[in-house]
Amino acid sequence: MTNAKIQISVGAISFSGEGTEEWLEKQLDKLLASAPTLAAIHPSNDGADDNDGSSAKADPGTLATYIQKKNGGSNQVRRFLATADWLHLKGMKRLHSKDVTKALSDANQNRLSNPAECLAQNVSKGHCVKEGGSFYVSPEGRQTLG
């Protein structure tokens, strides 16, 4: 059987899984069956930050608007960083370069000529942190975006 991936976020509920299609389907069915109960649970809004230093924020809007707001239009390394930060604000904690590429494509934004190089430059500047096969935007990277 082939491996599949799924990532779903609905309100405060999120599910991310990787495995066989059959296993993912069972897990998703369990989540959907529990959704009414989980929806009744309201996360505490005490202003505490989560482990990666970010706090709950309002919807960042469209990717195009976010990139423009963060001055990432003409600089590919900055556009990569802004897109990664936007994905984080949308609920993705750990990213791969292909997530950034897909988000740009889905939003009809200019593609990156070399996403891996953009990530490498952001890592060398301390704006992103690689962890295994994934990465996340560092607090310094968010500060750089302003």
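Predicted model: local features only at pLDDT ≥ 70, side-chain atom pairs only at ≥ 80, totals over all residues.
The buried residues of helix 3 pack against helix 2 (63-69), helix 4 (97-106), helix 5 (115-124), strand 3 (128-131), strand 4 (134-137) and helix 6 (139-145).

**The protein as a whole**

- Six helices and four strands make up the secondary structure of the protein.
- Reading from the N terminus, the elements follow the order β-β-α-α-α-α-α-β-β-α.
- The protein has 146 residues, and 34% of them are buried.
- If you take the contacts between residues at least 6 apart in sequence, 45% of these join residues at least 24 apart.

**Helix 3 from end to end**

- Just after helix 3 comes G91, with a positive phi of about 115°.

**What is covered in helix 3**

- Eleven of the 14 residues in helix 3 are buried, so this helix is mostly covered.
- The buried residues are V77, R79, F80, L81, A82, T83, A84, D85, W86, L87 and H88.

**Helix 3 meets helix 4**

- When two helices pack, the pair is described by the angle between their axes and the distance between the axes.
- For helix 3 and helix 4, the axes come within 9 Å and cross at roughly 90°.
- An angle from 65 to 115 degrees counts as roughly perpendicular, and helix 3 and helix 4 are therefore roughly perpendicular to each other.
- On the helix 3 side, the contact is made by R79, F80, T83, A84, W86 and L87, while helix 4 brings S97, D99, V100, A103 and L104.
- The residues of this contact between helix 3 and helix 4 divide into seven nonpolar, two polar and two charged.

**Helix 3 meets helix 5**

- The axes of helix 3 and helix 5 come within 9 Å and cross at roughly 85°.
- Helix 3 and helix 5 are therefore roughly perpendicular to each other.
- Here Q76, V77, F80 and L81 of helix 3 meet P115, C118, L119, Q121 and N122 of helix 5.
- Sorted by type, the residues of the contact of helix 3 with helix 5 are six nonpolar, three polar and no charged.

**Two asparagines to find**

- Leaving aside neighbours within four places in sequence, N122 is in contact with V77, F80, L81, H127 and C128.
- N3 lies in strand 1 (residues 3-10).
- With a relative accessible area of 58%, which is over the 50% cut-off, N3 is exposed.
- Not counting residues up to four places away in sequence, N3 touches E18, G19 and T20.
- N3 and W23 are 20 residues apart in sequence, and their C-alpha atoms are 9.6 Å apart in space.

Note on methods. Residues numbered from 1 in each chain as written. Heavy atoms only, no water. Buried < 20%, exposed > 50% of the residue type's maximum accessible area, 1.4 Å probe, protein only. Helix = DSSP H or I, 4+ residues; strand = E, 2+ residues; numbered from the N terminus. Contact = heavy atoms within 4.5 Å. Axes fitted to C-alpha atoms, helices over the stretch in contact; angles between N-to-C directions. Parallel < 35°, antiparallel > 145°, perpendicular 65-115°, else oblique. Nonpolar A, V, L, I, M, F, W, Y, C, P; charged D, E, K, R; others polar.
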